[in-house]
Structures are given as C-alpha cells and as structure tokens.
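Hi,

Here is the structure I promised to pass on. Could you have a look before we talk?

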Amino acid sequence: MEKDYNFAKIENKWRSKWQKSEIFKSRSDRKQKKFSVLEMFPYPSGKLHMGHVRNYSIGDVIARTRRAMGFNVLYPMGWDAFGLPAENAAINANVHPAEWTYKNIDQMRSQLKALGYSYDWSREIATCHPQYFRWEQQVFQEMYDRGLAYRDSSFVNWCDSCNTVLANEQVENGQCWRCSSEVRQKELVQWFFKITDYTEELLQDLEHLEGGWPDKVLTMQRNWIGKSHGALIKFKLEKSLADWEEIEVFTTRPDTLFGVTFMSIAPEHPLALKLAAGTSQEEKVTAFVNKVRNEDKIQRTSDDYEKEGVFTGKYVINPVNNKKIPVYIGNFVLMDYGTGAVMAVPAHDQRDFYFARKYELPIEVVIKGEDTPLEGSKLEEAYVESGVMVNSGKFDGLNNEEGKEAVIKHLVELNKGDHTVNYRLRDWGISRQRYWGSPIPMIYCDKCGVVKVPLADLPVTLPDDVNWEDHKSGSPLASHPAWKNTQCPQCGSPARRDTDTMDTFVESSWYFLRYTSPRYQESIFNKEDAEYWMGVDQYIGGVEHAVMHLLYARFFTKVLRDLGYIDLDEPFKRLLTQGMVTMETYKCPDHGWLFPDQVTDNNKCVICQNSIEIGRVEKMSKSKKNVVDPLEYIEKYGADTIRFFMLSDSPPDRDLEWSDSGVEGAHKFIRKVWRVVTENLELCQKYKAAVESGIEGKSEIRKIAHASLKKVSEDIERFHFNTALAEIRVLFNSLGTFKASGKLEEKHIVEAICFGLQMIAPFTPHVAEELWKMIGENEFVTNYPWPKYQEKILKEDTFELVVQINGKVRQKIEASADLDKEGIKKLIIDDDKVKTYMEGKNLVKFIYVPGRLANLVLK
C-alpha cells in the first residue's frame, strides 16, 4: 500500500490492470441501453498537443460516467491516416508514407494510453489500411451506378504547393487550409459526388438536430447550403453563338426586372471567353478572366472588395421590355451561385450601384419608397427596401412583394422564366492529385470508356516501389507505368487506371460506422451492429469542421442508407464543439517568437535580455511557440493532474487558457484528496460495509456530500465539468476540516469519501482507483454504479418563516420543515409578538407560501 502519492507508479499500475481485464471492451447487447461517444478521430501527426488532450479528456469523462450510470458504452479510437503530411515526409526524407504513418500511430497510441483514456482499443481502425478503404471503393462504384459519382470538367481550386485540388470548404481566405499557400483556379477533369441530390434533405433534417447540436453549427450548415426562392429568367442573346441562344439568370428579385441595365457573368462562365472571341474586346476580356480566376472566391464577394469588370462586346435582350442590355464580366460574380450570371439592377442593389457608377452605366428606379427619387441619377445609394413598382409597365402601382409573383406569372406566359429554388451548395469534388489516399477504382479504355475495376479485384492498393526522390511534385501514380497501365476488364485491351486518389474527407465520412464492426469481412460493416450502436449519442470536435466533415458525414450516411447498408438518417445525435487551448505569446524584437521558458520573470528575452512583447492570448501554435508538450507535464505532475486541469478551468465549449499555476493548483488538490482519504483509511475499512448496507441520520458533512453528489450529477449531464470539479473541491475541502462526534458521523465521513472518489474517478481515474482499493474495495471504481443522493438528506429541518400582517412584515420565526399549514398557523398565532398585532382584531384570511412566508389578513 502506497503511503505517498507516487503518481507515476500508480498510473502505470492501473493502466496495466485495465488492459489485462479488458474492462473497456464493448460488446453489442440489445438487452442493454447503449451509449456511443466519439471524438473526431485524429490525423496521426506523431505527437499529441494540448488541444487533443482537452478533446479526449472531455470524451473520456462522458464515457466513464455513462458506464457508471448503467449504459453499454461504445468508446473507440482510430486514425484519419491518409493525407498530405505523410506524402511530404516521404518526399523530404525518402521514407514511404505508410512507414511514416504507422510509426506515428504507434507513438500517438502510447501517448493516449499514458493519459488513461478508456478506449476500446480492440476496435482501433486506420483509414490507410486496405481492408478499410476497400469498402469505400465499393461504395464509390455503387454511387457511380446510381449517378451519384460522375466525372466533369470544371475550374477547381488548385494548390501549387500541395499539387492537388481543394474543395471550396478547404479554401480559407484564398489560402489552402492545409499549408496556407495561395490557391488558384485550374481547369481539370474531376470526379464529383452528387451531394446536390440530397440538398433539401440535408437542409430539412437540420430541424431534427436542434437541441442536440450547437445553434452556430446549424446556422453555418444552413448558410452553406444556402437555399433561395426566386425565378429563373431567360435573356436572349442579341446575336446567337454556336450552341448558345440565351443566358439564364437566377434572381430573388423578379420585381426589379424592368430596372435591369446590364448583365454580369462570372469569369468562369462557359461564355466568358466565347462572347468576346473575334471582337475588339477579346484581348481585354482574356486578360481580365485569367486575372480574376486566380483570385480568392470568398474575397471576391466581400463588401469591401473593389468591384471590377470588362465589357464583352455582346448584348442580351430583356424579356419584359425588349431593351438591349450590355453583358459584362464581373469579378464579384461566381459560378458557385445560381447560374453564374446576374441581372444587374443598380437602383436596387448596392453592389450593382457601385459598378454602374464606376463604368457609367444607366441606373433606372423601378421600386419607389416614400422619399425615393424617380431619377436614378439622383440616388446616393441603392434603394433596397420594399415599395411600389414604377417604370414597370402594367405592373406600376403594385406592392413589390406582390409584384414578384405577378412578374414570374408573366414570364411563364412569355415562356421566358419560371419559379425556381436555388442552392449555394455545389457537388463535392473528390479527386486529388496525390499518392497517399484511396485510389479511385476506375479504369479508362479507349474502346469501352470508363469501366469499373471488378469487385473481385478490390481493393485497388497503392504501389510500394516508389522512389520519392524522383517525385518532388505531382503524384507518382501518374508516372508509374507498372501500376498505371492495365487491361480493360471488359474487352482486354490496354487501359489506364485512374491516377487520382479520393479526398481524405471521404474516409472520415463513414469511419464511425466501421467502429461498430471493425473486423467484419462480409461488408462495409455489420448492419445489425451498426443499427444497435448508431447514431452517435455524443460527438465531440472542433467547430472548424462544421461545413466540411460534418456535412459530408451527414451526406454519406444518407447515401449508405439509400444503398441499403443501414436504416439511419443522421449520424450524430448530439454535438459538442470544444473550445481551443490558448496561451500568451511572447515576441522578442531580435529573436522573434519565444517559448515561455525563453522569457525571464521580468519579461526579458533569455537570449539577448531585450524586453519582450507580451502578445494576446491565442490558440497554441508551433509557429508562435506558445505550445507545451503534454508528455513533459505528465512526467512532472501525472496524467490525472493534466486531465483535471484541462476540465476544471472553463466549460468545454469555451476556450481554455493554459496556466502553469493552474496545473500546479490541480496537482495540489489531488494530493489533498490523497491525504484526506489516507488519513481516514481506518474509518473507511471499519465502516465501509455498514455504509454499503445503508446508514441513517443527518450531519453537516452528510448534507455537503449529498448536495455535492446532486450538483456534480447535474453538471456532468450538462457537460459543466468545471463547476462539477469545483463542487468536488468543496466536498474534499470540507472532509479535510470536519471532525466527527460519534460513530454515526464517522460513518457519514466514510460515505462522503466514497461519493467523492466515485465522482472524481471519471476525471482522475488512476488515483481514484488506487484510493478505492485502499479503502477496501475489490471492484474497479470504474465499474461501480454511480451513487444516488437522497433528497431527504438535503431537506433542512427548519426554515425561517416570514410573517406578514396585512401585507407588512411583522415577525420572523424559526419553523419546523415538517409542519403543515395548520401547524404553521398555530405556531404564528401562539407567537407573543404576533399576539400584540392581533389584539381586538379578527383573522379574516390566512395565506401560506410553503417554506417561505405567511400573511395574516386582520380586520
């Protein structure tokens, strides 16, 4: 038995016992209520950071408390193992990505185990394993058969540094989300998943997630899907081109159609270069298109971005008034929204207003408010509010909201337009020009066209014989003749494999389902097991994945449902988006960013003794050197201390500022828990059996224990772990000072210690297990049922009764909590002070608010 708190020895001991006993191994049991809790699985970079530690500590507390509450818990871990860092490491060090990846997995697994997380490691998966991606290759082919996977030529977001395509969601402020390099537009033939077939369902099903997902995430997904009601309107080209007689536009403002004075099309529009071909504008248009296509799409649509354009030399005809309208190419128009063409109404759209003023284009008022001038030249800004239609032919005088429907009806009669719904969401481009990913299981034959790799030949695996020194850029698959060249499975002729790999977001769109039967060989997963464990009862991860991983996972789940693999509409019932771990930054004028240990106590650089600039609190970042190594702190304080601090300082959904003093404080408290329990070991061993059989009576420490248990139970249910730990502090601090007066109160101390150890066990499991064993328990505290508080213990014996007479406070009396209304009435009437107020008066009415006050109405 350890007398001193030797955290290193204790933590190693209990991790070994947990592993040998397999207490965290989960099994499907349809007779038992289940609870599945998952964190977004990590990329195996090789080293945990404090953001990981916080994320996984949250999940582990949830998993451990749910087990204690009687749930059959699924809590696995795996690795999002494909990706560019492994490929870059291969290029830089001439080491195979698989070797780099699996080495990192081994390292990170040992780090996670050092923190004592209660994962079921028997369910561990790695998405780079052929027996994992073999199933998504099969699903890809089934999606192809249903038209949900298709090839198309399009302009894509291209990162020159990563030599690959990026989805719109992977471009952040014009930069690659992975390496922060500038992103440009490039035309390529790509594979797409037809996520737009599920647009309306993805939007409508967000209602089912309300209350379980954060409102901000639901809003982000709604905005990204971007549903708009409006009209699709046909503008005939003044002079037809081959295959083009008209340009279609989508608008939410058909009521302003008579005010259109020009049209703007996107630089990526198929007509952008064709319209100017052979005209005096061709050179200007080509230069403008090439320039804008490489600019950041999000920035192009921002309000403060300068609006620029170029005239194509061509015109279209307004279908309602037959006016000739010039066609411009505008840098603010995107192909990603509507049709890539916009009818410009400068009098009623501020962006069009700026553009018209800049290029001296007409401005025609067609919606009039109370003070709106009828002449566009007198407008100081666009009028965008409701009003009455003017300069709009037979629609003059109509309220513009009514006018929307009237104009659309007129367009239908002219066969020039109709109602439509538009979405911002575009199909998901999944082709990536890199090696370390799941190969796309398709073959190209000059005779047969696009052909599926036979099912018996799946998985299509990656070649191992790659010399990475010869591939500083581009994917080696495209230049690997032995792998690339094959035979057509239909006609036997020479053919070529698809040399692209899938976006790694494909792997993370279904990994949670594979956890339910990770070694199943007959299909992508066992349907019965998946339907028992899914959907995920609690999912945990960063809000930065709101419109990438979370949206794709929802889409992929619905696809798998429609393919018959599972009866499930939504993958994640509840979502917790944890805050970041932050820390102050330090910067020296001469030596740049400094690590905290490079700053003296008087805020000087240890290298040059210059005064340093203490920056704002920011997310931990290697580039700004405001990072700490979890393993260093585990070695110094123990895993329990780090886990405790990570959850004690702020709610999980808010940022946590790292503090060495906070870590030290957490460690001191755990030592106090150790001291309180070990000082009462004799009592615990003497009365433990009696406490388990049930004890009676009240005492101050028993009230505190039951109140703490109630508060902690409620806080854990709400994920208010910081306030739960604060309450646990209250209990152990009280235990440290309470002195028992008699055997009954000694038993109450033992009960309070048992409650305290069970409550702190999910947060600091190693020390809790050790102390639980020391007080005489043979069962793991992890497996022990969650304790139950008693309301009768919390109920006060007496309370202060406020006595009012004719509405004015006249007395305060200590009353027994057991008295009913008649007993309270008698107590008041018998009070000497109340009697003086009642002399010569009759009691007309007696009003009693239980446990608080009574009012006597006298006359």
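Below are my notes on strands, helices and aromatic rings.

First, the ground rules. This is a predicted model, in which local features need pLDDT of at least 70 and side-chain atom pairs count only at pLDDT 80 or more, while totals for chains, interfaces and linings use all residues. Residues are numbered from 1 along each chain as its sequence is written, and side-chain values use heavy atoms, with hydrogens and water left out. Helices (H or I, at least four residues) and strands (E, at least two) are DSSP runs numbered from the N terminus, and two strands pair if DSSP finds at least two bridges between them.

Let's start with β5 (residues 149-159). Eleven bridges hold it antiparallel to β9 (residues 183-193). β5 also pairs with β6 (residues 164-166), again in the antiparallel sense, over three bridges. W158 is a handy landmark here: it stands opposite R184 in β9 and opposite V165 in β6. Four residues separate the strands in the β5-β6 hairpin, where N163 has a positive phi near 55°.

β10 (residues 227-241) has several antiparallel partners. It pairs over seven bridges with β18 (residues 417-423), over seven bridges with β11 (residues 244-251), and over two bridges with β13 (residues 309-317). L232 faces D418 in β18 and has F250 as its bridge partner in β11, whereas K236 is opposite I317 in β13. The β10-β11 hairpin has two residues between its strands, and D243 takes a positive phi near 70° there.

Further along, there is an open four-stranded sheet with the order β33-β32-β35-β34 and mixed pairing. Its edge strands are β33 (808-816) and β34 (843-849), each pairing on one side only. Neighbouring strands are turned by 20° against each other on average, direction ignored. (Axes are lines fitted to C-alpha atoms, for helices over the stretch in contact, and angles run from 0 to 180 degrees between N-to-C directions.) β34 runs antiparallel to β35 (residues 853-858), with six bridges between them, and V849 has L853 in β35 as its bridge partner. Helix α25 (residues 821-829) lies across β32 (798-805), β33, β34 and β35, at about 120° to β34.

Now a helix pair. The axes of α7 (residues 215-225) and α15 (residues 549-562) come within 11 Å and cross at roughly 75°. The two are therefore roughly perpendicular (65 to 115 degrees). V217, Q221, W224 and I225 in α7 meet L550, L551 and R554 in α15, where contact means heavy atoms within 4.5 Å.

Finally, the rings. Rings of Phe, Tyr and Trp (its six-membered ring) pair if their centres lie within 6.5 Å; planes under 30 degrees apart count as stacked, over 60 as edge-to-face and the rest as tilted. By this rule the count comes to 49 aromatic pairs. F512 and F572 form an edge-to-face pair, 4.9 Å centre to centre with 65° between the planes. F512 lies in helix α13 (residues 511-514) and F572 in the loop between α15 and β27 (575-577), so the pair ties together parts that are 60 residues apart in sequence. F572 also stacks with Y539, at 3.9 Å centre to centre and 10° between the planes. F512 and F572 are both buried, and Y539 is buried too (under 20% relative accessible area, 1.4 Å probe, protein chains only). Elsewhere, ring pairs link a cluster that includes F140, W191, W428 and F556.

Cheers

Conventions. Parallel < 35°, antiparallel > 145°, perpendicular 65-115°, else oblique. Buried < 20%, exposed > 50% of the residue type's maximum accessible area, 1.4 Å probe, protein only.
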